[in-house]
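Here's a quick briefing to read alongside the model. Have the sequence and the 3D view open as you go.

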Amino acid sequence: MSSTAIGILLTCVTSLMYGVYAPAARGAYIEGANVVFVILLTTFMRGGGLFLWCVVKKIPLFTTAQDTVNAFKCGFVQALSIVGNIGALMYLPAPVAVMILFTSTLMLLFYMIWRKEMESNRWLILTTFTTLIGLTFVINLWYAQGEYHILGYGFAILGAVATATRLYVFGKLMKSKPPIAIGAETFVTAFVFLGLLMIYQIPIAPQTMQGWWFVALSGLGLTVGSFTMFWAISRIGPFYFSLYNKIDPIWGAVFSVILLHEVLKPGQYIGVVIVIASLVSYQIWDHRHQKRTTKAG
């Protein structure tokens, strides 16, 4: 398999793992856990897993002063991303919050085109927009109900900007440092920053064994997904990872049915088809485009 194909496959695995998180976390909340507990435990699991990998593989961490500075910058932005995501979901209907957060892909696209780090073409822009349109159906945006608060929009924008920023920086740092080392340093320092959430709210653990299973499942999904995310970014870059990772809500919908016994609406199935068709069509076009470019060269 080519490096690009492996990167796309890793991104699909990441989406699968991240898709487990949301319904599992909701299950933990139902069983008495609060948001701060889930954030701290899952971040600890992610940082701990990546850190242990580096120890076993004898990959050095925080080796220079610049590495440490970069780690704290990445950890801070990662913490902002998590806080932005959670804050948006607290103050906005979930579909609205998710849709704003997913604009991080557009931010990355236009920023990297502006920086001349990506070639602009109409098929890529069209695919990005059609994928986002498909997601509006998957997450049931058109029938979103709930209260809208100005704070929610602020958190959502913060989360989107922070997500785009961290993915872009990860891509840059991976040119000179192993991807898992970047991940370990990022999540170890992010856990330090997120510890400040205990000032806002004392962590409350689940009140049932089923709740603990839900928390463990959400943490395991994020931990495995963190490994595959960093490996994927190192192969296909931050933008293409962000684009192909948009199948995340599809897996979230699937696991909501499996874990929480929710029922999907017909429009959500239509959205699934639009998202998958958009990404597959672009991949076919891109493959043919590269072959024509190679022959012309």
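Predicted model: local features only at pLDDT ≥ 70, side-chain atom pairs only at ≥ 80, totals over all residues.

Residues are numbered from 1 along each chain as its sequence is written, and side-chain values use heavy atoms, with hydrogens and water left out.

**Helix packing**

- Helix α2 (residues 35-56) packs against helix α8 (residues 179-194) at an angle of about 150°, and their axes are 8 Å apart. Helices here are DSSP runs (H or I, at least four residues), numbered from the N terminus. Axes are lines fitted to C-alpha atoms over the stretch in contact, and angles run from 0 to 180 degrees between N-to-C directions.
- The crossing of α2 past α8 is left-handed, meaning that the near helix is turned anticlockwise from the far one by less than a right angle.
- On the α2 side, the residues making the contact include I39, F44, L50 and W53; on the α8 side they include I180, A184, F187 and L194. Contact means heavy atoms within 4.5 Å.

**Salt bridges**

- Side chains of opposite charge can pair when their charged atoms come close. A search of the whole structure turns up 4 salt bridges, each being a side-chain nitrogen of Lys or Arg within 4 Å of a carboxyl oxygen of Asp or Glu.
- K177 pairs with D67, with the closest N and O atoms 3.4 Å apart. That pair ties together distant parts of the chain: K177 sits in the loop between α7 and α8, D67 sits in helix α3 (residues 65-91), and they are 110 residues apart.
- K177 also meets E185 in a salt bridge (3.3 Å, N to O). Shared partners join D67, K177 and E185 into one network.
- Buried means under 20% relative accessible area, exposed over 50%, and partly exposed in between (1.4 Å probe, protein chains only).
- R115 bridges to E117, with the closest N and O atoms 3.3 Å apart. R115 is partly exposed at 41% relative accessibility, and E117 is partly exposed at 30%.

**A buried serine**

- S104 belongs to helix α5 (residues 104-114). Its relative accessible area is 3%, so S104 counts as buried.
- Setting aside neighbours within four places in sequence, S104 is in contact with A160, T163, A164 and S242.

**Surface patch**

- Y148, I150, L151 and Y153 make a nonpolar surface patch of about 420 Å². Such patches take residues with over 30% relative accessible area and no salt bridge, joining nonpolar side chains (Val, Leu, Ile, Met, Phe, Trp, Tyr) within 5 Å; the areas come from the Shrake-Rupley method with a 1.4 Å probe.
- Y148 lies in the loop between α6 (122-138) and α7 (150-173), and is partly exposed at 44%.

- Most residues other than glycine have a negative phi.
- F62 has a positive phi, near 50°. F62 is in the loop between α2 and α3 and counts as partly exposed at 30% relative accessibility.
- K116 isn't a glycine either, yet has a positive phi of about 60°. K116 lies in the loop between α5 and α6 and is exposed, at 72% relative accessibility.

Terms used. Helix = DSSP H or I, 4+ residues; strand = E, 2+ residues; numbered from the N terminus. Patch = residues over 30% accessible without salt bridge, like charges linked within 9 Å, V, L, I, M, F, W, Y side chains within 5 Å.
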